[in-house]
There are 2 protein chains.
Amino acid sequence: MRHNYTSPSNRLPTMFAPRSIKHCRACGAEVQYLVPVDDNRDRATCTVCTTIHYENPLNVVGTLPVWEDKVLLCRRAIEPRRGLWTLPAGFMELGETTAEGALRETVEESGAHVELEPLFSLINVVRVGQVHLFYRARMVDDDFVPGPESLEARLFAEDEVPWDEIAFRTTKKTLELFFADRRAGRFGFHAADIA
Amino acid sequence: MRHNYTSPSNRLPTMFAPRSIKHCRACGAEVQYLVPVDDNRDRATCTVCTTIHYENPLNVVGTLPVWEDKVLLCRRAIEPRRGLWTLPAGFMELGETTAEGALRETVEESGAHVELEPLFSLINVVRVGQVHLFYRARMVDDDFVPGPESLEARLFAEDEVPWDEIAFRTTKKTLELFFADRRAGRFGFHAADIA
C-alpha cells in the first residue's frame, strides 16, 4: 500500500537524536529516560506499561564498484550533501545480510550490475551512531542507470576522483584505502573509526 | 536515576518482532504500516504527525579472549540459553565504536583484562535481525571475575570446549574459525551467514 507520506531520512546518514523518544510504541503513553534496574544507562521507559525502548547504532552497507581501472561514484540527488559524490550505500534492512543490503543499495542507487567481492572496510562513525560497511564489487559490464536518489553515476580513474566533492568521509576513506591497496597489489580488510 | 523496571532483553540475542510498533514515539498516536511514497517497504507511519519509524538490524559485539593456549567462555546466568557457554558479547550502544563495545561487554560479562586484536568474525544472523562481530583479544593476565550476567567464566583448551553446551551458533562458528586459523598458523578476518 502506497501513500503520500515522504520518508526524507530513508537511507541517509543522519545524526541520531538521542533521547528523542517521547511516547511508548506499545501503548502510546509517555516515556521517561531512566536506568533500568539491571542496566547501566538511561533508556526510554514507558511510565504506564514499563516497555523499554532501546536506541542502538545502525549499519550503512554499500559497495565500491570497479570496472577495469575505474571506480563508480554516484552524485547525490537528495539531502544531505545533494550534488556531492558517494559510493552506493544505505541503511541495512531487516531480512537481509550485510552483503545482500550492499548489493540492493548498489542496484537502487547506481543501477550497476556487480558481483560482490569480500568485505573491504568497516568504519565506525560514532557521532552519528553508524557503522559503515563497504564491499568491493566487480562490475560485470559498464551499463548502469542511476536510480532516483542519484543525479548521475560515473566511472572515475584514480586521478579523476573529485576528492573535494565527496559527500561522506567514509566514502573518502574507503576510496583512499582501495587505491592504496591496489598500488600495493593486495586487497585486505580494513577497520577504521571516524570521530 | 535508578528504578525498578527490569530490562530482560538488554544485551540478549532476541528475535526481532517485525511490525510490533503500535504507537508513534513522537506524539503517541496510532501508527499504520504503509509504504512511504519514495520508499519500497512498509514502515510504521504515524496516522497523525506522519513520523516514520524505521526498524533495522542491530549489532552484537564481543571478543574471543585468549590466555596462552586457552579461550575464555562465560556460562550464561540469564535467558535465553541460561546455563550454556558463550563468548562475552552484547548489543552495541550509541556513543561507542564496535571495538569499544566489544571491550565493554568483555569487562561486564567476564571481568577479564584484555587487549583487543583485529576484528576476527562478522556473522549475519538474518532470522533475528542481528550482525555479530567478534574481535580476538589477548588476556593480559588470568584473573577474571564474571559479572552478574554470567554464572561463571572459565578457560578452555581446544579439546576441553563444551561444544554441545554452546549457547549461540555465532559463538560456535567463531570458535571453530579461531581453532582452524590457529592450526593454520595465521589469523584472518572471516565473514559468515547463519540462516
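Guide: Over all chains, the structure holds 26 salt bridges. This is a predicted model, in which local features need pLDDT of at least 70 and side-chain atom pairs count only at pLDDT 80 or more, whereas totals for chains, interfaces and linings use all residues. Residues are numbered from 1 along each chain as its sequence is written, chains are lettered from A and ligands numbered from 1 in the order in which they are written, and side-chain values use heavy atoms, with hydrogens and water left out.

Visitor: Why is the contact of A:Arg19 with A:Asp42 called a salt bridge?

Guide: The term requires a side-chain nitrogen of Lys or Arg within 4 Å of a carboxyl oxygen of Asp or Glu. The N to O distance between A:Arg19 and A:Asp42 is 2.7 Å, so the pair meets the definition. A:Arg19 lies in the segment before strand 1 (31-34) of chain A and A:Asp42 in the loop between strand 1 and strand 2 (43-46), so the pair ties together parts that are 23 residues apart in sequence. Helices (H or I, at least four residues) and strands (E, at least two) are DSSP runs, numbered from the N terminus.

Visitor: What makes A:Arg19 partly exposed?

Guide: Buried means under 20% relative accessible area, exposed over 50%, and partly exposed in between (1.4 Å probe, protein chains only). A:Arg19 has 47% relative accessibility and therefore counts as partly exposed. A:Asp42, with a relative accessible area of 33%, is likewise partly exposed.

Visitor: Which parts are joined by the salt bridge of B:Arg43 and A:Glu93?

Guide: These side chains meet at 2.5 Å, N to O. B:Arg43 lies in strand 2 of chain B and A:Glu93 in the loop between strand 7 (89-91) and helix 1 of chain A, so the pair joins two chains. Both B:Arg43 and A:Glu93 are buried. A network of salt bridges also links A:Asp39, A:Arg41, A:Arg43 and B:Glu93. Within chain B, B:Glu96 and B:Arg104 form a salt bridge of 2.8 Å, N to O, and both residues are buried.

Visitor: How do you know that the two copies are related as by a two-fold rotation axis?

Guide: Chain B can be laid on chain A by a turn of 180 degrees and a shift of 0.0 Å along the axis, with an RMSD of 0.0 Å. The two copies are thus related as by a two-fold rotation axis. The superposition is by least squares on the C-alpha atoms of residues with pLDDT of at least 70 in both copies. Of the residues of chain B, B:Gly28 comes closest to that axis, its C-alpha lying at 2.1 Å.

Visitor: Is A:Ala112 buried or exposed?

Guide: A:Ala112 has a relative accessible area of 3%, and is therefore buried. A:Ala112 is located in the loop between helix 1 (98-110) and strand 8 (114-125) of chain A. Buried residues make up 54% of the 195 residues in chain A.

Visitor: What makes A:Asp159 exposed?

Guide: The relative accessible area of A:Asp159 is 70%, so this residue is exposed. A:Asp159 is found in the loop between strand 10 (150-156) and helix 2 (169-184) of chain A.

Visitor: What is the overall make-up of chain A?

Guide: Chain A has two helices and 11 strands, in the order β-β-β-β-β-β-β-α-β-β-β-α-β along the sequence. The C-alpha trace of chain A spans about 60 × 40 × 30 Å along its principal axes.
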